[in-house]
Amino acid sequence: MTKAHPVVPLLAVSSWGKFDHTVMVLQGGGALGAYQAGIHAGLAEAGVAPDWIAGVSIGAINAALIAGNPPERRVARLREFWERVSAHAPFVPPVSLDAMRPIFNFMSAASSVAFGVPGFFSPRLAPPFTVSEEHLNTLSLYDTQPLKATLEQLIDFELINRKAVRLSLGAVNVRSGNSVYFDNGKIRIGPEHVMASGALPPGFPAVQVDGEWYWDGGISCNSPLWYVLDEDYRMSALILQVDVFS
């Protein structure tokens, strides 16, 4: 995972305790989400623990991994997840071959497209256009059921629903096109809510939650910051937004 130590001194560690809340805001960004895991590791080493995490897409997965584990296990669980989903990488080039890194990156990406990512998604045998409207959960290029098993293994959803850490996951209602947030302060969170937040079409299928279908929250807005501010714009909080795009 990416080390975040250079960031920590810039945030004036001594001033963090002056706020009532510490909020972590995690964007969507696919494999770039590994950077968020590194940031969390650096903050945890500095003694910073969020009491509210809002995430979208891959940010929702990282957020659930943090909120769904006790503080002493969070970094290890994040590392385990990212090692699982990168285990298919055929070759990690040494520094001496840096000039060839774009080629190796292309090969790794092509491998993911062709064979999927272990513990995350796998290619469907039947193309999407052959699927009937009765089976919308299979209307995609890839099957994300492997992700459900991974989430259940690495996340304690009972801990999430005890609300020690507030967790907010952004998704988009397919029928209305509106942004929706699943918040453990308002509903019980399960694997389906995390998967709905990361259901990016056409690669991944929509996920059904309580009779409604949902897609990736990044389709509407890739940053959950607006949700945090709309929920309580008057709160005293240190908000740490981890941007994964320039």
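Helices (H or I, at least four residues) and strands (E, at least two) are taken as DSSP runs, numbered from the N terminus. The model is predicted, so that local features need pLDDT of at least 70 and side-chain atom pairs count only at pLDDT 80 or more, while totals for chains, interfaces and linings use all residues. Residues are numbered from 1 along each chain as its sequence is written, and side-chain values use heavy atoms, with hydrogens and water left out.

The chain comprises 8 helices and 9 strands. Of its 246 residues, 43% are buried, that is, under 20% relative accessible area with a 1.4 Å probe and protein chains only. Contacts are defined by heavy atoms within 4.5 Å; among those between residues at least 6 apart in sequence, 70% join residues at least 24 apart.

After α1 comes G47, with a positive phi near 85 degrees.

S57, in the loop between β2 (52–56) and α2, has a phi of about 60 degrees and is buried, with a relative accessible area of 12%. K163, in the loop between α6 (157–161) and β5 (166–173), has a phi of about 65 degrees. A cis peptide bond, with omega about -5 degrees, joins P201 and P202; P202 belongs to the loop between α7 (191–197) and β7 (207–209).

The structure holds 1 cavity of 30 Å³ or more, a cavity being a set of points on a 1 Å grid over the protein atoms alone where a 1.4 Å probe fits but cannot get out. Grid points are joined across faces, edges and corners, and the volume is the space filled by probe spheres set on them. The largest cavity contains about 60 Å³. Its lining, formed by residues with an atom within 4 Å of a point, consists of I61, T144, L147, V194, M195, G198, A199, F204, P205 and V207. This lining divides into 8 nonpolar, 2 polar and no charged residues, with Ala, Val, Leu, Ile, Met, Phe, Trp, Tyr, Cys and Pro counted as nonpolar, Asp, Glu, Lys and Arg as charged, and the others, Gly among them, as polar.

Key: Buried means under 20% relative accessible area, exposed over 50%, partly exposed in between (1.4 Å probe, protein chains only). On a 1 Å grid over the protein atoms alone, a cavity is a set of points where a 1.4 Å probe fits but cannot get out, and a pocket is an open set with protein on both sides within 12 Å along at least five of seven lines; lining residues have an atom within 4 Å of a point.
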